[in-house]
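User: I have a model open on my screen and would like to talk it through with you. Could you start with the terms we will need?

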Amino acid sequence: MTVANHFTETYNTKLVHVIKADLDCVSVEKITSTTKSVVNSNMFGVNGTFFASGTSLLGIAIKNGLAVISGGLQSGQTCGISTKRGTMYHYSPSFGGSYLATDVVKDHTDTGASASQMKWAIGGYSLYPYRTYTSESQYLTDINGSGASISCTPAIANTENAYRLEPSSSTHRTAIGWNGTKIVLAVFEDATAYSVRQYMKNQGCNSLAIMLDGGGSSQMRYGIPTPGGLGTGTYDPKGENRQVYSMVAVNPSSWI
């Protein structure tokens, strides 16, 4: 039996929607609804990785050894430069045991595992919750290669090229982490990447956490337990109902 729960709170005066779920009820999925948005899907969870107009993903998105949509086996390009992404993996027992890990990769096999050894994988930006930083700029340098910039210059090959995440960049964001007992999925009304990092650490995700696609892509659909059955709630902070094509899905035995 698996369970999940949803709650809201404020962080730095802004709203955060959170789902905490047992690992065994979490997967990475392609959205097959007509609108291809999380809000209009028939699944619970949050938006997944980056994409290019729906024709191809720009981050890894794997379920049971297969890309959920074209492009989902490797990271795409940013500003015409080959880009790595912080990626969370749920490995199967055939890769030394069923466990979670994160790594910064271009291709899904960069960790040494084959796709068949992955229950699921999802790509985003690294949050590095296990590292110690004395300043936000140190963190931004880690995910950008040479510090954050508001444009594509410089774009450095084989880095995360996180040029959108300069200190002033505060927008809707989505994150996934593991606190040792639960998967934590969070959608933020308005936050910087660095504050997302701190929030996930506050949730106990001290080893594994990445940030997924954000801005208008940030969405959540969650279950609401009621006396008469199960209700549904949604959170779309931009109100755009954007097509996002992939999601981290939660399908528990019950919502509590």
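Analyst: Two strands are said to pair if DSSP finds at least two bridges between them, and the helices (H or I, at least four residues) and strands (E, at least two) are themselves DSSP runs, numbered from the N terminus. This is a predicted model, in which local features need pLDDT of at least 70 and side-chain atom pairs count only at pLDDT 80 or more, while totals for chains, interfaces and linings use all residues. Residues are numbered from 1 along each chain as its sequence is written, and side-chain values use heavy atoms, with hydrogens and water left out.

User: OK, how many helices and strands does the protein chain have?

Analyst: The protein chain has two helices and 20 strands.

User: And what about E11 and E13, how many bridges join them?

Analyst: Strand E11 (residues 85-91) and strand E13 run antiparallel and are joined by six bridges, with glycine 86 standing opposite glycine 124 of E13.

User: What else pairs with E13?

Analyst: Strand E7 (residues 61-63) runs antiparallel to E13 with three bridges, and there alanine 61 has isoleucine 122 as its bridge partner. E16 is also antiparallel to E13, through two bridges, and serine 126 is partnered by isoleucine 210 of E16.

User: Is E13 mostly covered or mostly open?

Analyst: E13 (residues 118-126) is mostly covered, since eight of its nine residues are buried, where buried means under 20% relative accessible area, exposed means over 50%, and partly exposed lies in between (1.4 Å probe, protein chains only).

User: How much of the protein chain is buried overall?

Analyst: Of the 256 residues in the protein chain, 54% are buried.

User: What share of the contacts in the protein chain comes from residues 24 or more positions apart?

Analyst: Such residues account for 64% of the contacts with a separation of 6 or more.

User: Now helix H2, which residues are buried there, and what covers them?

Analyst: In H2 (residues 193-202), the buried residues are Ala193, Ser195, Val196, Arg197, Tyr199 and Met200. Their cover includes helix H1 (136-144) and the strands E1 (3-11), E2 (14-21), E14 (171-178), E15 (183-191) and E16 (208-211). Just after H2, glycine 204 takes a positive phi of about 95°.

User: Last one: which strands pair with E4?

Analyst: E4 (residues 44-47) runs antiparallel to strand E19 (residues 246-250), with four bridges, and asparagine 47 stands opposite methionine 247 in E19. E4 is also antiparallel to strand E17 (residues 220-226), through two bridges, where valine 46 stands opposite methionine 220.

Methods. Contact = heavy atoms within 4.5 Å.
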